[in-house]
Amino acid sequence: MFDLADRIRGEIAATGPMSIADYMRRCLSDPKAGYYTTRDPFGTRGDFVTAPEVSQMFGELIGLWCVSVWTALGEPERFDLVELGPGRGTLMADLLRAARIRPCFTEAAAIHMVETSPTLREKQQQALAEHAGRVTWHDRIEGLGDGPLLLVANEFFDALPIRQFVLGPDAWRERMVGLDGDGALAFALGPPVSDPSSAENLPLGTEPGAVLETSPEGERIMAEICRRLGAAGGTALIVDYGKDRAAYGDTFQAVARHGYADPLADPGAADLTAHVDFLRLSQIAEAAGLAVSGPVGQGDFLLEMGLLERAGSLGAGKGQAVQEEIRAAVERLAGDDQMGRLFKVMAVSHGKIAFPGFDRSRATTHRPVEQEHKG
Ligand code: SAH
């Protein structure tokens, strides 16, 4: 039996501690035993529920948003409709159904799904069965066509590997995964590093013990999205939980069966994530000469897109149980103490494009530095 924990311990014993990024990559995407490679973790019987799995309304409203962007772009006859990390394919299926209000939108769209997990690709194929032949799957964002782009990524960036650096009395050191005296996985600190990141966002005089997180892969993918947008035009919509200002803090976390778990306890059996650094992503976009909208809270975005109206029409004429379910979904997606504030929505576009979703904003960027908490 292939045992991922044994493999990782063996590698560390042989070559020394690994970065959290390497550990995350192994746990999430190992070809034999990675968390996403081997299972469908979504839904009430899985480990966690994402917004498209809470309710069809989420994907539908994003579909309407895509149609308005396409209209604002001058209704190009061909464009690439891309989703990064599409999970079960629910968002794309709901998006395409809602977009039927403009049949030419669907006809113009070449649909691309960027997904590394073979298990989830199969789920996505089932979810998009009625669009068979019009959908292409890719392992990486590089290599997509070169047309105008409409890209959606929900809870994708939080699943990308992060590195962590801890400020000691003398220097920043990388937080690594090593072995303790009993040979069990344990956090350890690496040798001093001179420049842990793009520290330009962070204030001087930081207290010892501060934790700085970076996501080299997230930055690489964002830069590639921006390159594509700059070359061929279009917009990318990024939805995730995270921070919209420079902040220190350890947000590396494991979730299994709807609760927090120890990230080192059972490699490959829990979802590992970290908060997305929206400030960093927006800086990459701005440096590429693109326009950034938001981030705004997911609640504000969905309410402006017509969440309450959609909930009303979905529930009309239905029984009390269904109406109650829809009401609970609205609360879950948009409630301040649920997904409404922690989850954020940011759009990045080539040139100024008029689109809805960002006007209710209780605006956000460039707030003072705060300590970030898990959750
Ligand atoms: N967007 C979905 C799923 C979110 S979970 C939803 O909201 O329900 C993260 C998704 O990203 C999974 O589909 C996972 O397999 C995929 N993924 C993780 N790392 C990836 C990578 N480097 N490239 C492409 N897909 C990746």
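In this predicted model, the ligand is surrounded by 17 residues, of which T50, G85, G87, E115 and N154 are the closest, where a residue is near the ligand if one of its heavy atoms lies within 4 Å of it. The space that the ligand takes is the largest pocket, a pocket being an open set of points on a 1 Å grid over the protein atoms alone, where a 1.4 Å probe fits, with protein on both sides within 12 Å along at least five of seven lines. Polar contacts, pairs of N or O atoms within 3.5 Å, are listed here.

| Protein side | Ligand atom | Distance |
|---|---|---|
| T50, side-chain N or O | oxygen | 2.6 Å |
| G85, backbone N or O | nitrogen | 2.7 Å |
| T116, side-chain N or O | nitrogen | 3.5 Å |

On its own the ligand has 570 Å² of accessible area, and the protein covers 95% of this area, as computed by the Shrake-Rupley method with a 1.4 Å probe.

Elsewhere, 3 strands form an open antiparallel sheet in the order β12-β11-β13, with strands taken as DSSP runs of E of at least two residues, numbered from the N terminus, and paired if DSSP finds at least two bridges between them. The edge strands, β12 (259–261) and β13 (271–273), each pair on one side only. Strand β11 (residues 253–256) pairs with β13 over 3 bridges, and V255 has D271 of β13 as its bridge partner.

Residues are numbered from 1 along each chain as its sequence is written. Local features of the predicted model need pLDDT of at least 70, side-chain atom pairs count only at pLDDT 80 or more, and totals for chains, interfaces and linings use all residues, while side-chain values use heavy atoms, without hydrogens and water.

Conventions: Helix = DSSP H or I, 4+ residues; strand = E, 2+ residues; numbered from the N terminus. Polar contact = N/O pair within 3.5 Å; in protein donor to acceptor, adjacent residues only side chain to side chain. 1 Å grid on protein atoms, 1.4 Å probe; cavity = no way out; pocket = protein on both sides within 12 Å on 5 of 7 lines; lining within 4 Å. Sits in = over half its atoms within 2 Å of the grid points.
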